[in-house]
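I opened the model to look up a few local features. My notes follow, one entry per feature.

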Amino acid sequence: GSTALGCVAGLLLMLDGLHFVLSRLALLDIFLAFFILCAVTCLVIDRDWYRVRMARSLEADEVDQVTRGWGPVRALLFRPWLVLSGVCFGLAIGTKWTAAMPLAAFGIMVWLWSAGARRSFGVRWPVLRSAVVDGLPAFVQLVVVAALVYVATWTGWLIHAGEYEEHLSATQYTRFVAEGKDCSYQPTLDDSRWPTSTEPDATGPAEAWQSLRSLWSYHQDVYTFHAHFLNCSDHTYQSKPAGWLFLNRPVGVAADTGIEPGTRGCEAAAGSSCLRQVLLIGTPVLWWTGIVALLYALAMWIGARDWRFGVVIVGTASTWLPWLMYDDRPIFLFYAIATLPFVVLALTLAMGKLIGPSRRPSARRTWGVILAGSFLVLVLVNFAWFWPIFTNGLLTRSE
């Protein structure tokens, strides 16, 4: 409920190096983070909308005799913010499949939030009853809508499936799966092609079905490649996801390391040189303090049962922990950009707790503002220190 802290959260996000560099590079992950954040925002708004709508229905005595023991039903069947969240999640999954994890996690949260609302209004067995009257409609409005939007993001493929098949259907992994080959196996043009690539072109509704089957074959190839063919690969900048919150391995984006003195603005001493480089690395003060804030959020969610901290923990867990299953293949620090908004939210909520809810002058409020403000300044100074390696700035070796 604090506009000031909302602005602080925006500033913290703006002052993170990972976010800043990715926003300039426009890799997929910045769009993934954006759509996930939009989707979760809609779910938080839906939580408030749901409770207000339920209270109004009870005040207006809109609960009929059939559903009186369940609480309002008809008034809560359509939840517009859930639908909008489903659209955002569909766009997120259309950017990267990893968005399916937070969709699943927050889908469960929607059910539990709805059950909690029904419990607060006196409904007995709220978890089970909410699974029926809230869970099923929510599944349609959130998951089914997301799936439809996801398919819609492949409209280009569905319209021009023949052109895609011409270039991609020979890169088939069917033989690999069938024969159980190891990851050293490379598919060749001799492999079997997709069934749709050898079929006559259909017309009408059959054409749409043929295009969908073609798209499914491509999905199978992509999944097989990522599930099996990267296990024997490595990369200079790969990192273990267990260390992402510690910024364990920055990713080099660009480097020009041999700029001679007197050329291109280099003022290095004779015998030395200048360099420019861009690194994908978060602002350390923000991320390292964020680890403490996440631990605090976990304690507040479990101990104080504060639902806001639950958003932090579920968001962080669903965008980060699944990667631990794939730490034997090349994955990179910048995948953690989807986790960053929840780290920022953890920090902001912790700052709010430091300051306290009262607006009256007090020792707690004074010290809370000093500590929170000092942290914000430290993040700003840390961001400014790394500015040259965020922006391809010219540096001497000593610098």
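Before the surface entry I wrote down what a patch is: residues with over 30% relative accessible area and no salt bridge, where like charges are joined within 9 Å and nonpolar side chains (Val, Leu, Ile, Met, Phe, Trp, Tyr) within 5 Å. A salt bridge is a side-chain nitrogen of Lys or Arg within 4 Å of a carboxyl oxygen of Asp or Glu. Areas come from the Shrake-Rupley method with a 1.4 Å probe, and for residues only the protein chains shown count as cover.

The model is predicted, so local features need pLDDT of at least 70 and side-chain atom pairs count only at pLDDT 80 or more, while totals for chains, interfaces and linings use all residues. Numbering starts from 1 along each chain as its sequence is written, and side-chain values use heavy atoms, with hydrogens and water left out.

Surface patch. I found F139, V140, V144 and L148 forming a nonpolar patch with about 370 Å² of accessible area together. F139 lies in helix α6 (residues 126-152); helices (H or I, at least four residues) and strands (E, at least two) are DSSP runs, numbered from the N terminus. F139 counts as partly exposed, because its relative accessibility is 48%, and the class lies between buried (under 20%) and exposed (over 50%), with a 1.4 Å probe and protein chains only.

Sheet. I traced an open sheet of three strands, ordered β1-β2-β3 with antiparallel pairing; two strands pair if DSSP finds at least two bridges between them. β1 (251-259) and β3 (394-396) are at the edges with a single partner strand each, so one side of each has no neighbour in the sheet. The twist from one strand to the next averages 30°. β2 (residues 274-280) pairs with β3 over three bridges, and L275 stands opposite L395 in β3. Helix α2 (residues 17-25) packs on the sheet, touching β1 and β2, and its direction makes about 100° with that of β2. Contact means heavy atoms within 4.5 Å; axes are lines fitted to C-alpha atoms, for helices over the stretch in contact, and angles run from 0 to 180 degrees between N-to-C directions.

L247 is in the loop between α10 (205-228) and β1, and is buried at 9%.

N382. I placed N382 in helix α14 (residues 363-385). N382 is buried, with a relative accessible area of 12%. N382 touches T283, P284 and V285, leaving aside residues up to four places away in sequence.
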